[in-house]
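Hi,

Here is the structure I said I'd pass on.

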Amino acid sequence: MSEIKTHYGKQEIGTWGETEAEKYFTKLGLKLIQKNYRTRFGEIDLIMQDGDEYVFVEVKTRTTPSFGFPEEAVNDEKIDHLTEAAEKYLETHPEIEEWRMDVLAIIGKPGMTNPQIEWYKNVE
């Protein structure tokens, strides 16, 4: 008989959250452009396309809100780093005219079928 896993590492939870975020966005008709775009300024979890607009997404996942909601972890400093990373991406993609920064907050854990998801648009 297999054991039910109850503890997950931060990276495992983060990877699961990013996968859930991708599924969430694609169900809503957004197109995945790139995952985990890394720069010296930081990483952008997902780059999605919403019509003509590119969306740079920070995904924050928590297993419970006991120590705060996921979106509370995206402070001004984090947004500054995300903006710098987005600007770096845009330097190499001059064809992009419209873009925004979003946060997708997820409460849940691997194996969960209906995580709680909140989408915050234009967080800049």
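First, a definition for the surface part: residues go into a patch if they have over 30% relative accessible area and no salt bridge, with like charges joined within 9 Å. Keep in mind that this is a predicted model.

On that basis, there's a patch of negative charge on the surface, where Asp-76, Glu-77, Asp-80, Glu-84, Glu-87 and Glu-124 gather. Take Asp-76, which lies in helix H2 (residues 76-91). Asp-76 has a relative accessible area of 63%, so it counts as exposed, the cut-off being over 50%.

Now the aromatics. The structure holds six aromatic pairs. One of them is Tyr-24 with Phe-25, an edge-to-face pair at 5.7 Å centre to centre and 70° between the planes.

Another edge-to-face pair is Tyr-37 with Tyr-89, with 5.0 Å centre to centre and 85° between the planes. This pair links distant parts of the chain, since Tyr-37 sits in strand E1 (residues 31-39) and Tyr-89 in helix H2, 52 residues apart. Both tyrosines are buried because their relative accessible areas, 13% for Tyr-37 and 3% for Tyr-89, fall under the 20% cut-off.

Cheers

Definitions and conventions:
Residues numbered from 1 in each chain as written. Predicted model: local features only at pLDDT ≥ 70, side-chain atom pairs only at ≥ 80, totals over all residues. Heavy atoms only, no water. Patch = residues over 30% accessible without salt bridge, like charges linked within 9 Å, V, L, I, M, F, W, Y side chains within 5 Å. Areas by Shrake-Rupley, 256 points an atom, 1.4 Å probe, with all protein chains shown as cover. Salt bridge = Lys/Arg side-chain N within 4 Å of Asp/Glu carboxyl O. Lys, Arg positive; Asp, Glu negative; His and termini not counted. Charge placed at Lys NZ, Arg CZ, Asp CG, Glu CD. Helix = DSSP H or I, 4+ residues; strand = E, 2+ residues; numbered from the N terminus. Buried < 20%, exposed > 50% of the residue type's maximum accessible area, 1.4 Å probe, protein only. Phe/Tyr/Trp six-rings, centres within 6.5 Å; stacked < 30°, edge-to-face > 60°.
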